[in-house]
Amino acid sequence: MSFRKINKNYEKSLLRKERDENAPFTIGEPSAYAYSQEVSEEVVGRYGASDSPSQPSSASDLPTNVKYDTSGPDENKTCSDSQATSRFSPSKQTNMSQNKTLLDKEKNYLANNEDIHQTIQSDGEPARETWGKKIEFLLAIIGFAIDLGNVWRFPFICFKNGGGAFLIPYFLMLIFIGLPLFYMELALGQFHRSGIISIWLQICPIFCGIGYGICLVNTFVGSYYNTVIAYAFYYLVASLRAEVPWKTCNNTWNTPDCISLADNQTSTNTSTSPAEEYFIREVLEFHRSTGIDDIGNIKWSLSLYLLGVFVIIYFCLWKGVKSSGKAVWITATLPFIILFILLVRGVTLPGAEKGILYYIKPNFSRLLMIEVWIDAAAQVFFSLGPGFGTLVALSSYNKFNNNCYFDAIITTIINCATSLLAGLVVFSIIGYMSLKQGKPIEDVAVKGPGLVFIVYPEAISTLPLSTLWSILFFLMLITLGLDSSFAGLESVITALTDAYPRLKKRREIFVLFVLLYAFILGLPTTTYGGQYVMAIMDLHGASLSLIFFCFLEVVALNWIYGVRRFSNDVESMLGFQPGIFWKICWAIINPISLFTLFCLSIWGYSGLTLDDYVFPEWSVSVGWCITASSLICVPIYMVFKLLYTKGSFKQKILKCIKPSLQPPHLRNGPDIKMEKFTKISNL
């Protein structure tokens with residue numbers, strides 16, 4: 001809502017209140033009038049705040065001539081004339097013009113408060129911290145949404161599923177699934193100002209198990225995702241020399257089958273590239289493992305790089321949004337700069353136009369295949385990242401009236417544009433490699449780590465200034481991974497510190513404990529057979545669980561809490577109701593599509609494989625146990641909640657589905673709210 005708009009109905013209601021000179025001055029009643037954020041904006045626009053007192057920073061800075069009630073609502077509680085003194089006292093001798101003058105002063109006082117919904121603790125505890133600047137929050141959610149998947153997954157998925165034709169299902173899924181869920185989670189976190197566990201106490205308490213399950217999933221993802229970042233650090237350090245080590249075949253790790261394109265040698269069906277042997281035999285030492293039954297010892301150089309990644313993440317998280325808000329200035333902006341540099345270099349290479357044309361050439365016959373639509377939905381879902389609890393956590397540190405609708409729109413557009421841009425960068429290089437190797441593009445294009453740790457490094461090694469391009473590329477991978485990683489772990493930390501407030505007092509120690517746990521969990525991925533462990537964690541650690549959690553989230557929020565009630569919450573923040581499109585998506589389209597995607601994912605499960613290796617049955621069982629370990633949190637908490645709640649079974653159900661806690665800005669009790677302490681009745 002504009003600061004220049006004036007609510008005429010509100011102004012008329014004030015004039016009606018001024019007619020009664022004998023009304024008592026009441027405090028603490030929920031039925032009495034309380035200034036809202038919307039009202040404060042109107043006051044700023046009409047009256048200004050130049051002569052207003054400064055914003056109070058603590059309870060001690062509040063006006064001393066007002067009695068503040070912190071004992072909760074009491075319909076019979078009023079202040080006498082002697083208690084309500086000075087300019088706030090509506091004595092019988094005060095005429096209407098005096099009342100208007102006093103009311104205008106109060107408006108000016110409230111208007112000077114930038115965030116009227118900020119919590120001020122009466123016991124001296126600091127209010128919930130907020131982002132230092134709006135741009136820091138935007139960079140944080142953009143950095144979380146744009147990760148390694150934009151570089152190594154989207155281009156391959158687009159190429160595999162019909163090129164330019166894939167953009168049709170992709171954009172449809174983006175509009176009807178990705179964007180509504182993204183907007184919903186931002187609004188949810190901003191209104192309730194809580195992490196993904198305690199937020200359910202304010203919505204539907206019986207679903208708190210969703211929060212615990214999401215925390216477990218985030219630790220699974222954090223364990224193996226950071227190992228990929230450790231690979232990038234390994235390559236970055238190795239690039240700091242006159243010639244990249246994967247350029248030639250005269251190294252100790254190379255085999256007789258190694259053929260180098262830099263030496264203009266012709267490859268055969270049995271030959272391998274130096275880049276492939278460097279990744280497999282030097283970085284991973286994968287040849288020392290025979291399978292998941294024999295993963296071998298920990299490769300200590302990789303584990304030290306992994307430790308270094310967690311150390312960086314720790315210093316990005318230990319002070320909360322104060323530290324992470326500064327880190328995103330680098331981690332969220334640097335990838336775009338490097339991506340544009342690599343694009344300019346890539347499109348100037350011979351054969352680049354062939355690769356780009358292959359990338360965007362539409363094959364509309366692919367649209368008749370159900371797998372294409374599933375891939376589009378999965379790509380949108382895991383690219384934007386709803387269900388991780390990260391959007392809820394990051395937006396919970398926003399100011400109450402932040403325009404999260406704008407944030408959702410702009411972030412989604414940037415994420416989509418980045419995926420398309422990354423596709424151009426990747427396929428310009430693939431076209432170049434196809435020309436150099438004399439192979440069809442489909443034989444060169446691979447997904448996942450093979451693309452960024454084999455194909456791209458091999459292309460870089462054949463270019464002039466290969467060291468420079470290598471440093472830029474792996475620096476981009478590191479920054480893409482870091483902001484997504486520490487945002488996901490921040491979700492865990494915010495959720496647990498909000499659910500257990502004592503942890504906030506020792507945040508630095510608690511963050512250290514969480515990261516130490518994730519590091520230990522990730523150590524098996526640094527063994528010689530770490531790729532087998534990562535394959536299990538990648539397929540069973542997050543995918544199915546997050547889709548199911550997101551389904552439960554939209555059902556609980558929009559069917560039990562109520563889409564109308566949620567829309568009213570959004571209106572109280574933004575000043576306008578969400579449109580009918582958003583309500584239909586939240587209440588109907590999203591639950592149906594998520595449940596369908598969950599069922600199709602289970603139906604399409606074909607076991608665990610890694611290239612030509614087929615995992616044994618026992619490892620598949622372990623994978624399903626990992627999936628079940630997060631899913632089971634929901635029914636376990638439901639049973640616990642029902643047993644703990646008193647009353648008959650019907651009473652238990654009713655209590656468990658009704659909010660048991662108000663959002664922080666609406667609570668009475670020990671917290672004094674900016675919107676609560678100036679209640680004036682019938683002035």
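This dialogue shows how some features of a predicted model may be read.

Me: How many residues does the chain have, and what percentage of them is buried?

Reply: The chain has 683 residues, and buried residues account for 56% of them. The accessible surface of the chain amounts to about 28,800 Å². Carbon and sulfur atoms contribute 62% of that surface.

Me: Among contacts between residues at least 6 apart in sequence, what share joins residues at least 24 apart?

Reply: For this chain the share is 83%.

Me: How do helix α12 and helix α19 pack?

Reply: Such a packing may be read from an angle, a distance and a handedness. Helix α12 spans residues 334–347 and helix α19 spans residues 466–499. The two pack at an angle of about 145°, and their axes lie 9 Å apart. The crossing in which α12 passes α19 is left-handed.

Me: Which residues make this contact?

Reply: From α12 come L334, P335, I338, L339, I341, L342 and R345. From α19 come W469, L472, F473, L475, M476, T479 and L480. Sorted by class, the contact of α12 with α19 comprises twelve nonpolar residues, one polar residue and one charged residue.

Me: How is a pair of aromatic rings described?

Reply: The description uses the distance of the centres and the angle of the planes. A search of the whole structure finds 51 aromatic pairs. One of them is formed by Y183 and W586. This pair is tilted, with 5.5 Å centre to centre and 50° between the planes.

Me: Where in the chain do Y183 and W586 lie?

Reply: Y183 belongs to helix α7 (residues 167–192), and W586 belongs to helix α23 (residues 580–603). The pair links distant parts of the chain, the two residues being 403 residues apart.

Me: Why does Y183 count as buried?

Reply: Y183 counts as buried because its relative accessible area is 0%, and the term applies under 20%. W586 is likewise buried because its relative accessibility is 0%.

Me: What are the distance and angle for the aromatic pair of Y235 and W246?

Reply: This pair is tilted, at 5.1 Å centre to centre and 55° between the planes. Y235 lies in helix α8 (residues 208–238), while W246 lies in the loop between α8 and α9, eleven residues apart from Y235. Y235 and W246 are both buried.

Me: Which residues form one aromatic cluster with Y235 and W246?

Reply: The cluster also includes Y231, W253, Y278, F279, F453, Y456, F473 and F474. F473 of α19 also takes part in the contact with α12.

Technical notes
Residues numbered from 1 in each chain as written. Predicted model: local features only at pLDDT ≥ 70, side-chain atom pairs only at ≥ 80, totals over all residues. Heavy atoms only, no water. Buried < 20%, exposed > 50% of the residue type's maximum accessible area, 1.4 Å probe, protein only. Contact = heavy atoms within 4.5 Å. Areas by Shrake-Rupley, 256 points an atom, 1.4 Å probe, with all protein chains shown as cover. Axes fitted to C-alpha atoms, helices over the stretch in contact; angles between N-to-C directions. Helix = DSSP H or I, 4+ residues; strand = E, 2+ residues; numbered from the N terminus. Left-handed = near helix turned anticlockwise from the far one by under 90°. Nonpolar A, V, L, I, M, F, W, Y, C, P; charged D, E, K, R; others polar. Phe/Tyr/Trp six-rings, centres within 6.5 Å; stacked < 30°, edge-to-face > 60°.
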